[in-house]
Structure formats: structure tokens, C-alpha cells
Amino acid sequence: MIRREAPDAVADRAIVVTALIKRYGELDAVAGITFSVPRGTVFGLLGRNGAGKTTTLECCIGIGRPTAGSVRVLGLDPTKRRELSALRPRIGVQLQATSLPEKANVREVLELYAAYYGIASRAAEMAERVGLDGKLDRQIAQMSGGEQQRLALALALQHDPEVLFLDEPTAGMDAFGRRILWGEVERLRDGGKTIVLTTHYIEEAERLSDRICIIQRGRIVAEAAPADLVARHGGDATVSIAADGFAPDAALQALGVWTRTGAQWKLATRGEPGLALAAVVTHANALGAKIASLDMHRPTLEDAFIAITGETIEETG
Amino acid sequence: MRLLRMFLVQTKANFVWYFRRDGEMMFWTLAMPVFFLVLFSFAFSSGPNSGSSRFLVPGIIGAQVLSSGFWGVGVMLATFREKHLLRRIYITPMPPWVFFASLVVYRMALLAAQATILVTVGALVFHVRIIGNPLSILAILLLGTATFVSLGTIIGALARTTESANNIASILTVPLAFLSDAYVPIDRFPHAVSSALRMLPSTQFIDTFRDVSVYGASLTHYGAWIGMLVLWTIAGTVISARTFRWV
């Protein structure tokens with residue numbers, strides 16, 4: 001019998017990570033991370049390169065051994081040999097920069113992985129799903145990095161796992177590859193699968209994740225649904241207008257805080273910026289003020305990320 | 001059934017990916033040993049029918065067993081780790097022993113091909129006859145392969161990079177081939193030296209294999225050496241299993 005941590009946690013949580021620490025020499029790559037992922041949801045680990053996302057994921061799949069803390073995936077402990085063996089067939093993994101044997105072709109790799117999982121090979125079907133149809137006989141060495149990443153995705157999916165771990169899945173992919181991967185993630189989530197993905201693409205995290213966990217230097221600095229992160233940390237929406245003779249009236253002033261820089265008026269508002277924009281334009285027209293420039297900015301996840309971490313996600317040097 | 005299929009598909013993949021589609025590998029595996037046989041036969045003797053070809057055919061096959069373990073398995077494993085292939089395999093449900101068994105069987109198939117070619121060339125060109133008991137020959141070949149694969153795996157386990165694995169394998173294979181009675185008889189060295197060299201597992205394996213295959217000796221005369229080879233194999237397997245890293 002497999003010992004279970006907390007029966008109720010197993011029932012609706014696919015992954016439970018508690019106070020996870022992973023130390024490499026002096027460095028705490030992961031410095032005490034706690035999160036859990038409900039079944040059937042997509043969980044995004046967002047952070048800069050080197051923040052500890054991959055290390056966290058490696059501890060979930062049995063590649064990395066936690067220095068302290070605990071990890072349970074489908075109620076199983078990946079640090080225990082037997083439980084890891086029971087876990088392996090139930091998870092699918094796309095590693096960062098997966099390297100496959102150069103002289104292998106697409107069909108052979110899919111057939112080999114089908115044998116690993118004891119399932120019938122679905123090479124043709126999988127190749128089509130990841131946009132490699134017609135390339136079944138293509139050797140790895142002749143494929144682009146993006147094509148190899150898509151094959152790695154197919155290898156993670158072929159045995160229809162319950163939980164998927166995707167480590168920077170679109171790194172090096174072109175727009176076509178990203179569209180395929182995003183489509184697959186959405187389709188799998190709709191099919192009730194649980195997905196953990198690490199990324200340093202804000203757009204990707206926002207689009208795919210039900211919940212986002214922002215990691216900075218081995219720690220979680222924020223965790224919420226993308227819209228909540230933006231609402232809580234993204235700051236105010238703004239409407240800016242430059243128009244001769246423009247000045248906000250009482251009704252516009254009630255919408256938020258106005259500041260003026262030269263000819264430029266800027267409204268910071270908590271309300272719906274689209275409505276504020278319409279009101280500003282209507283008022284300018286009523287005044288007969290000729291609009292020189294007009295701008296609206298709705299807070300984004302990137303704004304929230306910068307507010308939370310004090311840095312941009314791309315290292316700018 | 002599931003494990004058997006896993007093993008067969010992996011073994012076939014090893015053969016196709018790392019041998020049949022790799023021209024360089026095919027050359028080194030099939031052509032080089034024959035080149036050595038021909039070169040050394042003429043270099044060390046007055047011509048066909050002299051004793052040296054009879055010495056060299058089993059010697060070169062023995063040296064191939066060594067390099068099969070050190071390069072073919074040891075360095076290959078280090079390469080697989082460096083290219084993150086091992087890490088990918090580790091996540092799958094394939095039991096480690098299936099993976100290692102497929103590597104060993106793949107190397108054994110190559111050794112069988114190498115031995116067949118060398119024996120054929122030896123017979124046709126240099127009139128070397130294999131007169132030993134086929135089962136005894138097979139048994140000592142299998143034991144030698146097991147010994148040097150298990151020792152080679154230690155290289156694959158301990159070397160941090162492909163480069164260092166390469167260096168370790170070179171440092172071991174080349175001198176060992178010359179010091180283990182493979183290419184030149186160690187009887188030419190002073191007695192103290194040749195006695196010391198006969199303590200090496202490589203010498204014990206190659207001498208036993210040669211005496212059994214081309215001189216028709218009985219395996220029963222080599223009980224002590226066979227026991228030593230079994231011990232080396234066990235030690236190599238235990239150390240490999242304890243130190244092997246997938247990432």
C-alpha cells in the first residue's frame with residue numbers, strides 16, 4: 001500500500017509542494033516554496049531565468065532531490081523509488097532543450113516511447129497533432145530546434161498522462177509552434193488534465209494559466225489568477241490626452257486622479273478605462289478642443305510583474 | 001511481454017541510431033580491427049603461417065571486448081548524460097536494467113560481427129584455425145564482455161563530461177591492449193613484469209580466450225582466472241550501480 005499524506009488533499013490536488021528547498025553548494029536555488037495545484041487546472045510558474053522554476057519542476061518529477069520540504073504528485077512522493085515508479089506512467093514531461101539521438105527519426109522515437117509506456121504506437125496521429133505530419137521519416141539532426149521541441153511535446157503526450165510538466169515549452173519555438181502548444185494546453189485542460197508549466201514569457205503565462213505563481217530568487221513572491229494579479233498589483237488604468245484648450249470638468253475629475261504635464265493631461269483611474277476614454281473624447285469635442293494625441297493603457301500582467309518583483313522579466317543588464 | 005517489447009525496441013534503436021546510420025562508427029567497429037590484424041601480422045612476422053596471426057586474431061578480438069566496454073558503453077553513457085538523453089529516459093517507466101541490458105546486447109551483437117570478420121580474415125588470409133570448443137569460446141567471450149562492460153560503466157558513472165570519459169577510456173584502453181597480451185606477447189617483458197601483468201583482468205581474459213579458441217585448451221584449466229573475472233564483474237556492477245547518475 002502506498003502511504004498517503006492527507007487523503008483530502010489527494011482527492012482534489014494533483015500536486016502539493018510544501019516548504020521545498022533545494023540547495024546547490026552555498027546557493028539556495030529554491031528557498032522554501034509552497035504551492036498546490038488543483039486537478040484539471042493549469043499552473044504557471046513565471047519568473048526570470050535562474051529564478052528556480054526548473055529546479056522546482058525537477059523535484060516534482062524525481063530528477064532533483066529536495067534538500068528539505070516535501071513534494072506529492074498524485075499523492076505520490078517522487079523521492080521514494082516505488083512511488084516514483086508508480087508515478088512515471090501517469091505523468092508526461094517536456095524538458096527544457098530536450099536532446100534526442102541525432103540519427104533517430106520521428107517515427108522511431110515515438111515508437112520507442114510507446115514501448116516505454118506499454119501502449120500502441122500512435123506515431124502518425126501524434127506527429128499530426130504537433131504539426132510534424134509528413135515528417136515521420138525526418139531525422140532529428142535535420143530538424144529545427146522548434147520542430148524538436150514539438151516532437152518533445154508529442155513524447156510527453158503520447159501516453160495520455162494525467163499530469164503534464166512543461167519546462168519552458170515554447171523556448172526557441174516560432175509562432176507556429178507556440179500556437180500548436182497553446183492549443184494543446186487548452187485542449188488538455190478542457191479534457192481534465194493537470195498542467196504545470198514554467199515560462200518567462202508573460203503573455204504565455206497569462207494566456208494559459210488558471211493560476212500564476214511568480215518566482216523570484218527561489219521564492220514565491222505572488223500567487224493568484226492572472227486577472228487578480230493584474231487587478232491587485234497592476235496599478236491604475238490611464239487615459240492620456242493632449243488637446244488645445246482641454247481641461248477636465250467635474251464629471252471627469254470624479255473618474256480618478258488627473259495630472260498635467262505641459263499640454264498632456266493624464267487620468268489614472270480604477271474604473272473601466274474604455275468608458276473613461278469615451279467620456280474624455282466627448283468632453284474634448286464639446287469644448288471644441290482639437291485632439292493632438294490620445295492614449296489609453298490598461299494595466300497588464302507585465303505591470304503587475306514589475307510592481308511585484310521590482311524588475312522586468314527579461315534581464316536588461 | 002511489455003518489458004520484452006521495451007527491450008527489443010530499445011536494442012533495435014541502439015543498433016540503427018548508433019551503428020547503422022553512423023558511418024564513422026561502422027568504420028571503427030568493422031574495418032579498423034581488420035586493419036590492425038593485417039598490419040600487425042606483417043609487422044611482427046615473416047609472413048602468413050607464422051605464429052603471430054594465430055596470436056593476433058584472438059588478441060584483437062579481446063582488445064575489442066575491452067574497448068567495447070570502455071568506449072562503447074562507458075563513454076557512450078557519459079555522452080548520453082551530457083546530451084541530457086539519460087535524464088529524458090529516467091523519467092519514463094523503463095526500468096534501468098532494461099536500458100543497460102539493451103546496451104550490453106547491442107555491444108555483444110557488434111562484437112559477434114567483429115569476431116566473425118576477424119576469424120574469417122584470419123582463416124582465409126593467415127590460415128588461423130579456431131579449434132576450441134564453441135561453447136567454451138562463447139562462455140569466456142560473454143564473461144569478458146560482462147567484465148569490461150561493468151568496469152566501463154564505472155567510467156560512465158564517474159566521468160562528469162564526455163571529454164573526461166574519453167580521456168579515461170583512452171588512458172585505459174590503449175596501454176592495456178599492449179600490456180595485456182593482445183597485440184604483443186608479454187613474455188617478451190622481464191618475468192617479474194609479465195607476472196605482474198598477468199594479474200590484470202584484461203590479461204587474464206585475453207590469455208584464457210586465446211588459449212581456449214586457437215590452442216583448444218579446456219576452460220577448466222583457467223578456474224582461478226575465471227573466478228577473478230567473475231569478481232571483477234561483480235565489483236564493477238556494484239560500484240556502477242552505486243555511483244551511476246542519470247542527471
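Two strands count as paired if DSSP finds at least two bridges between them, and with that in mind the sheets of this predicted model can be read strand by strand. Chain A has 12 helices and 13 strands, and three strands of chain A, in the order β2-β1-β4, form an open sheet with antiparallel pairing. For the complex as a whole, the predictor gives an ipTM of 0.90 and a pTM of 0.89.

**Chain A as a whole, and confidence in chain B**

- Chain A has 317 residues, of which 43% count as buried.
- If one takes the contacts in chain A with a separation of 6 or more, 68% of them are accounted for by residues 24 or more positions apart.
- For chain B the average pLDDT is 92, and 97% of the residues score at least 70.

**The sheet β2-β1-β4 of chain A**

- In this open sheet with the order β2-β1-β4, the edges are taken by β2 (27-38) and β4 (68-73) of chain A, and because each has a single partner strand, one side of each is left without a neighbour in the sheet.
- Direction ignored, neighbouring strands of this sheet are turned by 15° against each other on average.
- Strand β1 (residues 13-24) of chain A runs antiparallel to β2(A), and 9 bridges join the two.
- Two residue pairs can be followed across these strands: A:V16 has A:S36 in β2(A) as its bridge partner, while A:R13 stands opposite A:P38 in β2(A).
- The hairpin of β1(A) and β2(A) has 2 residues between the strands, and A:G25 takes a positive phi near 60° there.
- Across β1, β2 and β4 of chain A lies helix α2 (residues 53-60) of chain A, which runs at about 120° to β1(A).

**The sheet β11-β12-β10-β13 of chain A**

- A further open sheet of chain A is formed by 4 strands in the order β11-β12-β10-β13, and its pairing is antiparallel.
- At its edges stand β11 (256-261) and β13 (291-297) of chain A, each with a single partner strand, so one side of each is left without a neighbour in the sheet.
- In this sheet, neighbouring strands are turned by 15° against each other on average, direction ignored.
- Strand β10 (residues 237-243) of chain A and β13(A) run antiparallel and are joined by 6 bridges, and within this pairing the bridge partner of A:A242 is A:S293 in β13(A).
- Helix α11 (residues 273-287) of chain A lies across β10, β12 (264-269) and β13 of chain A, and the helix runs at about 15° to β10(A).

**Nonpolar cores**

- In soluble globular proteins, nonpolar side chains tend to be buried together.
- In this model the largest nonpolar core has 132 residues, and those with the most contacts inside it are A:C60, A:V73, A:V109, A:L151, A:F165 and A:V196.
- The element that gives the most to this core is helix α3 (residues 51-82) of chain B, with 16 residues.
- Apart from this core lies another one of 12 residues, among them A:A243, A:L267, A:A276 and A:A284.
- When its neighbours within four places in sequence are left aside, A:V73 is in contact with A:A14, A:I15, A:C60, A:P78, A:L87, A:I91 and A:V163.

- Neighbours within four places in sequence aside, A:P226 is in contact with A:E206, A:S209, A:I212 and A:L301.
- A:P226 and A:C213 are 13 residues apart along the chain, and their C-alpha atoms are separated by 9.2 Å.

**Where chains A and B meet**

- The contact between the chains takes 19 residues from chain A and 20 residues from chain B.
- Helix α4 (residues 106-117) of chain A supplies the largest share of the side of chain A that touches chain B, namely 7 residues.
- Sorted by class, the side of chain A that touches chain B has 12 nonpolar, 3 polar and 4 charged residues.

Note on methods: Residues are numbered from 1 along each chain as its sequence is written. Chains are lettered from A and ligands numbered from 1 in the order in which they are written. This is a predicted model: local features need pLDDT of at least 70, side-chain atom pairs count only at pLDDT 80 or more; totals for chains, interfaces and linings use all residues. A nonpolar core is a set of buried Ala, Val, Leu, Ile, Met, Phe, Trp, Tyr and Cys residues joined through C-beta atoms within 7 Å. A residue is buried if 20 or more other C-beta atoms lie within 10 Å of its own, exposed if 12 or fewer, and partly exposed in between; C-beta atoms are placed from the backbone. Two residues are in contact if their C-beta atoms, placed from the backbone, lie within 7 Å. Axes are lines fitted to C-alpha atoms, for helices over the stretch in contact, and angles run from 0 to 180 degrees between N-to-C directions. pLDDT is the predictor's confidence in each residue, from 0 to 100. Ala, Val, Leu, Ile, Met, Phe, Trp, Tyr, Cys and Pro count as nonpolar, Asp, Glu, Lys and Arg as charged, and the others, Gly among them, as polar.
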